[in-house]
Amino acid sequence: MNKIALITGATSGIGEATAKLFARNNIDLILCGRRKAKLDLLERELGELVAIKSLSFDVGNRNEVIQSLETLEPQWRKIDILINNAGGAHGLDLFIDGDIKDWEKMMDFNVKGLLYVSKIVADWMIKRKSGHIINISSIAGKQVYSKGMVYCASKSAVESISKGMRLELVPHGIRVSNIAPGAVETEFSLVRFKGNKEKAKAVYQNYTPLSAQDIADSIYYCVNVPSHVQIADMTIFPASQSDATTIHRQ
Ligand code: 8X3
């Protein structure tokens with residue numbers, strides 16, 4: 001019988017690459033995202049390989065999360081792997097210039113959304129005494145940089161949540177892995193800079209950034225280690241990156 005993975009933020013970037021990799025490796029998928037049309041497209045494409053369920057909801061909206069997950073039939077609640085990937089950065093501004101709506105989005109998606117989904121799925125995993133939760137954090141969760149304070153705070157919350165989950169869920173046979181990427185070229189910077197393509201492109205210029213596929217490969221590694229092994233924490237940089245703000249450009 002195939003394993004089942006639930007992936008949030010499955011319509012683009014790391015989430016989409018992970019969905020495709022899992023499907024090619026016979027893992028059935030619950031794909032979650034806001035973009036219904038993109039979910040339908042993915043469902044059609046990957047549905048040729050594995051069983052797919054797609055749920056369109058806003059991860060930051062508690063009622064939508066609860067209502068959507070409640071529609072899952074019993075066989076789909078047997079989730080083996082939860083990938084908490086939804087989230088992102090909104091704005092790159094000094095604290096005093098920051099847009100409060102950006103802060104709210106980052107806290108709603110990156111922190112609260114992750115908690116809403118995990119509370120429900122962890123409960124199902126506890127009943128089955130097995131499961132694996134993978135939280136997509138960031139180097140920003142380990143290092144604070146100017147103009148990124150609230151994004152960094154949201155990701156350091158993810159780091160704490162990963163540690164707390166591990167303390168409370170390991171006794172129930174659940175593994176928790178925290179993955180903290182550095183610079184990954186996805187829609188991340190386009191969202192951060194509110195659609196400004198020039199600014200977004202500049203982030204990844206004159207070096208080779210990570211791709212969504214690189215992170216999907218790392219996630220796949222984490223879920224495939226022997227069952228007595230738990231990758232607690234993985235920080236992944238491009239070869240040219242030394243810390244959150246230091247990139248060696250040619
Ligand atoms: C993405 C990496 O360095 O822009 O989370 O914060 S960084």
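Mentor: This is a predicted model, and its largest pocket has a volume of about 1100 Å³. The lining of that pocket has 48 residues, and those closest to the centre are Gly-87, Gly-88, Tyr-151, Thr-186 and Phe-188.

Trainee: What makes a residue count as part of the lining of a pocket?

Mentor: A lining residue has an atom within 4 Å of a point of the pocket. Among the elements, α1 (13-24), β2 (28-33), α5 (149-169) and α6 (188-192) each supply at least two residues of the largest pocket's lining.

Trainee: Which of them gives the most to the lining of the largest pocket?

Mentor: That is α6, with four residues. By class, the lining of the largest pocket holds 22 nonpolar, 18 polar and eight charged residues.

Trainee: What volume does the second largest pocket have, and how does its lining divide by class?

Mentor: Its volume is about 160 Å³. The lining of the second largest pocket has four nonpolar, two polar and five charged residues. Lys-3, Asp-28, Lys-78, Asp-80 and Arg-128 are among the residues that line it, and Asp, Lys and Arg count as charged.

Trainee: Now the cysteines. Why is Cys-32 called buried?

Mentor: Buried means under 20% relative accessible area. Cys-32 has 2% relative accessibility, so Cys-32 counts as buried. Cys-152 is at 1%, and therefore Cys-152 is buried as well.

Trainee: How many disulfides are there, and how do you know about Cys-32?

Mentor: The count comes to zero disulfides. The nearest cysteine sulfur to Cys-32 is that of Cys-222, 20 Å away. A disulfide needs two cysteine sulfur atoms within 2.5 Å, so Cys-32 is in no disulfide.

Trainee: Let's turn to Thr-71. Where is Thr-71 found, and why is it called partly exposed?

Mentor: Thr-71 is found in the loop between α3 (62-70) and β4 (81-84). Exposed means over 50% relative accessible area and buried means under 20%, with partly exposed in between. Thr-71 has a relative accessible area of 48%, so Thr-71 is partly exposed.

Trainee: What makes the pair of Thr-71 and Ser-68 a polar contact?

Mentor: The side chain of Thr-71 reaches the backbone oxygen of Ser-68 at 2.6 Å. The cut-off for a polar contact is within 3.5 Å, so this pair passes on distance.

Trainee: And how far apart are Thr-71 and Val-223?

Mentor: They are 152 residues apart in sequence and 26 Å apart in space, C-alpha to C-alpha.

Key
Residues numbered from 1 in each chain as written. Predicted model: local features only at pLDDT ≥ 70, side-chain atom pairs only at ≥ 80, totals over all residues. Heavy atoms only, no water. Buried < 20%, exposed > 50% of the residue type's maximum accessible area, 1.4 Å probe, protein only. Polar contact = N/O pair within 3.5 Å; in protein donor to acceptor, adjacent residues only side chain to side chain. 1 Å grid on protein atoms, 1.4 Å probe; cavity = no way out; pocket = protein on both sides within 12 Å on 5 of 7 lines; lining within 4 Å. Points joined across faces, edges and corners; volume = space filled by probe spheres on them.
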